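These are my notebook entries on a structure that I looked up. I set down each item in the order in which I consulted it.

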2 protein chains.
Amino acid sequence: MLSFETVSQSRCFGGTQFVYRHASRETGTPMRLAVFVPPQAKDAKVPVVWFLSGLTCTEENFTVKAGAQRVASELGLMLIAPDTSPRGEAVPDDPEGAYDFGLGAGFYVDAMQEPWTRNYRMRSYIEKELPDLVGENLPADMSRQGITGHSMGGHGALTIALRNPERFKAVSAFAPIASPMNCPWGEKALSNYIGPDRSAWRNYDACALIESGARLPDILVDQGTADSFLEHQLKPQLLEEACAKAGQPLTLRMQDSYDHSYFFIASFIEDHLRWHAQRLGV
Amino acid sequence: MLSFETVSQSRCFGGTQFVYRHASRETGTPMRLAVFVPPQAKDAKVPVVWFLSGLTCTEENFTVKAGAQRVASELGLMLIAPDTSPRGEAVPDDPEGAYDFGLGAGFYVDAMQEPWTRNYRMRSYIEKELPDLVGENLPADMSRQGITGHSMGGHGALTIALRNPERFKAVSAFAPIASPMNCPWGEKALSNYIGPDRSAWRNYDACALIESGARLPDILVDQGTADSFLEHQLKPQLLEEACAKAGQPLTLRMQDSYDHSYFFIASFIEDHLRWHAQRLGV
């Protein structure tokens with residue numbers, strides 16, 4: 001039985017851009033995801049690239065702004081863009097409605113503090129529930145998965161891959177939050193969702209995971225030099241230092257004059273998808 | 001003196017995506033436009049392609065959703081996406097707030113009926129005021145201009161080009177309203193903006209202009225077969241008939257299963273920009 005209800009579908013570059021809705025066990029809410037199915041899926045299961053979005057985003061931002069479908073259609077990649085948090089009237093939000101916590105800011109963690117524990121389970125949602133549903137319901141070759149993301153979603157992509165290296169053959173990120181333990185966005189999120197014990201935060205920090213021994217074959221990161229969040233929130237130099245110290249291969253590309261917007265992502269998504277395709281045996 | 005105030009600018013595919021604001025003489029309001037300046041403009045003035053958007057749109061939709069900057073950067077084309085109507089508290093709107101008239105629905109006409117005459121002058125804005133400002137303020141080669149657009153903006157592109165064939169070397173459209181005189185959207189707009197005399201509507205109807213003798217070297221039109229507005233509003237067969245009868249060259253491509261969304265535009269914008277570039281001597 002199909003677990004995904006189709007919200008919309010549009011022909012796009014010879015494939016189909018779907019938006020699906022389903023009832024999530026992990027978040028206890030209806031969740032949406034955007035899935036691009038390339039034309040090659042008519043004949044065989046196709047490899048999958050996950051894109052995790054950043055603060056304030058839904059499944060829509062990457063889907064309508066990145067222009068990724070063109071290259072995914074050429075390469076035969078399925079693109080999956082999940083939402084960034086549970087949604088709905090019953091879901092607790094930042095008491096002041098801040099953009100960087102609560103709705104739209106799930107940070108890809110399983111919350112350990114009230115009132116967040118029931119709904120804020122984006123880690124288990126992306127790590128377990130959603131890939132199971134995708135494997136059962138879509139023409140996806142789950143033995144060939146890559147993951148990438150932007151900002152908070154770059155943090156999500158890196159930490160989920162570092163904790164599950166067997167699942168992902170390719171990992172990249174756009175302007176990721178390199179070390180949530182060491183920036184205001186991350187400290188706010190982790191202290192509220194996870195609690196005061198900073199040792200428990202290390203599961204959600206790419207630099208700490210690498211320091212603790214997690215490894216990937218390689219990592220590609222693009223970061224714009226005109227990104228207004230670069231210095232105080234993103235701190236790619238912390239990832240560079242952690243990787244250098246641990247011998248973790250990293251390709252960090254500082255992109256001159258690019259900012260934090262989807263114009264930056266659109267400019268380099270082709271490079272990332274080709275990087276993934278190469279490692280997914282396309 | 002620079003007439004354009006920069007609202008935002010982002011590096012994009014090696015060029016720069018600007019949003020500008022300026023005080024418009026024609027509309028009597030501040031107006032915004034989005035301009036992509038390709039890297040080639042550092043060395044010389046570059047040809048220009050205008051994109052006119054459809055109902056409910058602003059300068060933003062095409063700019064963030066069509067993925068046009070990639071090809072414009074390769075070909076060295078400036079892309080200009082104006083807003084679709086005057087904006088502001090003082091601007092009269094559809095009394096019932098309908099999406100297909102008033103704000104966001106200027107229909108590229110100069111209104112002749114009250115209360116629309118003061119602000120709804122999108123024809124003169126696009127035909128005279130804005131090209132003058134672009135020529136004075138931006139590195140644009142105004143001897144090489146093309147125009148395209150979507151839906152209401154496809155109607156705008158066709159009618160503006162047919163009335164000003166000397167200005168445009170290339171003309172195309174995505175799912176244009178082929179004959180506003182013969183569809184509900186157009187009849188509502190023209191009866192309200194122009195008035196009861198249908199002979200005055202002919203200036204704003206591509207089919208009527210062609211019937212009256214207006215000619216272009218050629219026209220490219222893409223139309224999705226799954227477009228929900230195809231039968232009752234867009235009616236490309238009326239354009240096909242008018243062109244056939246008049247000997248006006250037309251390339252009408254019915255694109256199987258595509259709808260009215262920007263996924264359709266994104267899928268074919270590269271074809272259109274290459275069509276324009278060829279005719280602009282790129």
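**Entry 1: the two copies.** I superposed chain A on chain B and noted an RMSD of 0.0 Å, reached by a turn of 180° and a shift of 0.0 Å along the axis. This is the relation of a two-fold axis. The superposition is by least squares on the C-alpha atoms of residues with pLDDT of at least 70 in both copies. I also noted that 100% of the interface residues of chain A are interface residues in chain B as well, so the copies meet through the same surface.

**Entry 2: basis of the values.** The model is predicted: local features need pLDDT of at least 70, side-chain atom pairs count only at pLDDT 80 or more, and totals for chains, interfaces and linings use all residues. Residues are numbered from 1 along each chain as its sequence is written, chains are lettered from A and ligands numbered from 1 in the order in which they are written, and side-chain values use heavy atoms, with hydrogens and water left out.

**Entry 3: the annotated site.** Where does UniProt place the feature "active site"? The unreviewed entry gives A:S151, A:D227 and A:H260. These residues are spread over 110 residues of sequence, yet they cluster in space, with a largest C-alpha distance of 10.7 Å. I recorded that such annotations may be inferred rather than shown by experiment.

**Entry 4: A:S151.** I found A:S151 in the loop between β6 (140-149) and α4 (152-163) of chain A; helices (H or I, at least four residues) and strands (E, at least two) are DSSP runs, numbered from the N terminus. A:S151 counts as buried because its relative accessibility is 3%, buried meaning under 20% relative accessible area (1.4 Å probe, protein chains only).

**Entry 5: A:H260.** I located A:H260 in the loop between β9 (251-255) and α9 (262-279) of chain A. At 15% relative accessibility, A:H260 is also buried. Its side chain makes a polar contact with the side chain of A:S151 at 2.9 Å; the term denotes a pair of N or O atoms within 3.5 Å, where within protein one must be able to donate a hydrogen and the other to accept it, and residues adjacent in sequence count only if both atoms are side-chain atoms. Leaving aside residues up to four places away in sequence, A:H260 touches several residues, including A:D227, a contact being heavy atoms within 4.5 Å.

**Entry 6: B:T84.** I found B:T84 in the loop between β5 (78-82) and α3 (122-137) of chain B. B:T84 is buried, at 0% relative accessibility. Its side chain reaches the backbone oxygen of B:C57 at 2.6 Å and that of B:G104 at 3.4 Å.

Terms used:
Buried means under 20% relative accessible area, exposed over 50%, partly exposed in between (1.4 Å probe, protein chains only).
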